Amino acid sequence: MKHIIILGDGMADWPVKSLGNKTLLQYAKTPYMNMLAKMGRTGMLKTVADGFHPGSEVANMSVMGYNLPKVYEGRGPLEAASIGVDLKEGEMAMRCNLVCIDGDILKNHSSGHISTEDADILIKYLQENLGDERVRFYTGVAYRHLLVIKGGNKNIDCTPPHDVPLKPFRPLMVKAQTQEAEETARLINDLILKSQELLRNHPLNLKRMAEGKDPANSIWPWSPGYRPKMEPLSVTFPSIKKGAVISAVDLINGIGYYAGLRRIQVEGATGLYDTNYENKVAAALEALKTDDFVYLHIEASDEAGHEGDVDLKLLTIENLDSRAVGPIYEAVKDWTEPVAIAVLPDHPTPCELRTHTNEPIPFLIWYPGIEPDGVQTYDEFACQEGGYGVMKEDEFIKEFLK
Ligand SMILES: [Zn+2]
């Protein structure tokens, strides 16, 4: 049997008043997900281990069954892998957002969803002016970039910028947890302030502002770590000899890299609601012909949740159903070699909260011949009655790949 996980990032939500107290998964038209839930089996999965923040990297690593306390090294090292930066011993990598500061306020974590092309100009400018023997900046995707510090001490408290929209930024700057880490914290805070000086009047930002766009006028480094010690999935699950990952998001591709999955780059994959579902699905189906496992990650609903935009998030959920889950099911349902399909988010991103929560998420598993568990729809409440109950750690991936 072959296996595909279709992951709608941040898709789970809370009941919404304007939707008659339904969640978005309950309210959206999702005939394919409902059908697969009805024909398959469902459950809830705890994707955020105790003591961990509900980040997408934490939750996606959990979905693949990785033991977070053992292997977690933060986002930086994952994103480094995805852009081909091979971390050496003692090198600390950090996710480095390009954010928009308005006065003393952190206006948003994405500089108004800056394009990779615009961001690349600014990151290269920062590398020229702030980069040295110890400090290096690398361009990633959109607002998500990389800072590598040789000899950095990772015992520092950093704030994920998407958790603190519209808050004053100064109290949220990096703090050392130990005396040894103080030099690293000072270095990073110094880089943040210097980046603001450099970016404030950069021609690209002046042009962005003239066009009514948010300027990308500060870096915001967070989630530091060293190279993680992750086993490839093929070692843990010998039936998975070959696997692939399809995602527009650096950190998911980085998880894929350490998980031993080959990365498939898809034209038009943006990480937003306008992502090219059709190309992603075509690439996933092509990969399923040669590989045993495909991890298809679609970011759109998470971004809509961060925007707090209920209508947009409904659209992203309906798109996932009609433009990803549906076509994949229709294509593989009659293959000679059966294909198992799992659909799930990594974590909830409630529109009301505009950030992630650590609540267990609903999942469904379907493959030809699976015995249904009686659940009729795919949503946060129906799946609580599912046959798998509440799973944790590697229970979901073991069940799915068994
Ligand atoms: Zn998110």
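The buried residues of helix 8 (buried: under 20% relative accessible area with a 1.4 Å probe, protein chains only) pack against helix 6 (116-130) and helix 7 (182-200); contact here means heavy atoms within 4.5 Å. Helices (H or I, at least four residues) and strands (E, at least two) are DSSP runs, numbered from the N terminus. The model is a predicted one, with local features needing pLDDT of at least 70 and side-chain atom pairs counting only at pLDDT 80 or more, while totals for chains, interfaces and linings use all residues. Residues are numbered from 1 along each chain as its sequence is written, and side-chain values use heavy atoms, leaving out hydrogens and water.

Helix 8 spans residues 203-210, and Leu204, Asn205 and Arg208 are its buried residues. Looking down the axis, these fall within an arc of 95° (taken from the directions from the helix axis to the C-beta atoms), so they line one face of the helix. Pro203 and Ala210 sit on the face turned away from that buried side and are exposed, that is, over 50%. After helix 8 comes Gly212, with a positive phi near 80°.

Then there's the sheet: open, eight strands, mixed pairing, in the order 12-11-13-1-14-15-2-16. Two strands pair if DSSP finds at least two bridges between them. Strand 12 (262-263) and strand 16 (390-391) stand at the edges with a single partner strand each, so one side of each has no neighbour in the sheet. Strand 14 (residues 339-344) and strand 15 (residues 361-366) run antiparallel, joined by three bridges, and Val343 stands opposite Leu364 in strand 15.
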